[in-house]
Amino acid sequence: MSTPCFTDAAWQRNLPLFNATLALPFNRELAAGTLSRERFQHYMIQDAHYLVAFGRSLAVAAAKADDADGVVQFAKAAEEAVVVERALHDGFMREYAVSAAQFEATPLSPVCHHYVHYLQSMGWSRSYPVALAALLPCFWIYAEVGRAILAEARPNNPYQSWVDTYAGDEFHALVARVRATIDQLAAQADARTLEAMHQAYTDAARLEWMFWDSAYRLGQWPC
Ligand SMILES: Cc1ncc(CN)c(N)n1
């Protein structure tokens, strides 16, 4: 029997966590279209903050890439995170009348703060393959949550544009390219690096769970 590639192995290791993510009240209510506007707005503001840091971490990965293709791949992914994904957020911000000033004045929630600092420290301090493994759940879990929710297809879902973005072919093609690069790097990695990649993936997948959970709870600093 052939050994599974890194990304398939990581997916299998973290399958219970993915199922728990899909089952979160935030995602159940998002799928049903019944999620409160207050919770979605909280999520959107936090996520718009998150995307800037995510883009920055991708740019650091681009700088660390060991070949020209990697530089271009992650520099483009950084641009897409900041420009394309945030365009989706800007649409919701306009709909909810959240001004730029209100957005800027909203601090990062504790979970968002932890997640962005995690990604940035992985980007700056760990090797290229390990930093990429930490970034993979940000792509892949969103793509799979998007597809799973799309399959439930509820009519007149106010969050349909969110679902369509992450369930869409373009986003899935991006995920496939990131997985391919990571699998190539993993195929050449030693056992220690591979284990660090698995740990980085799991830590980020947990933070994805926590991000949605925090949005549902309207997470804030206690004092
Ligand atoms: C928290 C989070 N993780 C991932 C994604 C998808 N790039 C996102 N928009 N927000």
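Let me begin with the ligand: α4 (37-64), α5 (68-95), α8 (128-152) and α11 (191-216) each contribute at least two residues to the shell around it, where helices are DSSP runs of H or I with at least four residues, numbered from the N terminus. This is a predicted model, in which local features need pLDDT of at least 70 and side-chain atom pairs count only at pLDDT 80 or more, while totals for chains, interfaces and linings use all residues. Residues are numbered from 1 along each chain as its sequence is written.

The residues surrounding the ligand are Asp47, Tyr50, Leu51, Phe54, Ala81, Glu85, Cys138, Tyr142, Glu208 and Phe211, each placed there by a C-beta atom, built from the backbone, within 6 Å of the molecule. With four residues, α4 provides the largest share of this shell. By class there are seven nonpolar residues, three charged ones and no polar ones, with Ala, Val, Leu, Ile, Met, Phe, Trp, Tyr, Cys and Pro taken as nonpolar, Asp, Glu, Lys and Arg as charged, and the others, Gly among them, as polar.

Turning to the backbone, most residues other than glycine have a negative phi. Asparagine 156, however, in the loop between α8 and α9 (160-167), has a positive phi of about 55°, and asparagine 156 is exposed, with 6 other C-beta atoms within 10 Å. Leucine 218, in the segment after α11, likewise has a positive phi, near 55°, but counts as partly exposed, with 14 C-beta neighbours inside 10 Å. On this scale, 12 or fewer such neighbours means exposed, 20 or more means buried, and anything in between means partly exposed, with C-beta atoms placed from the backbone.
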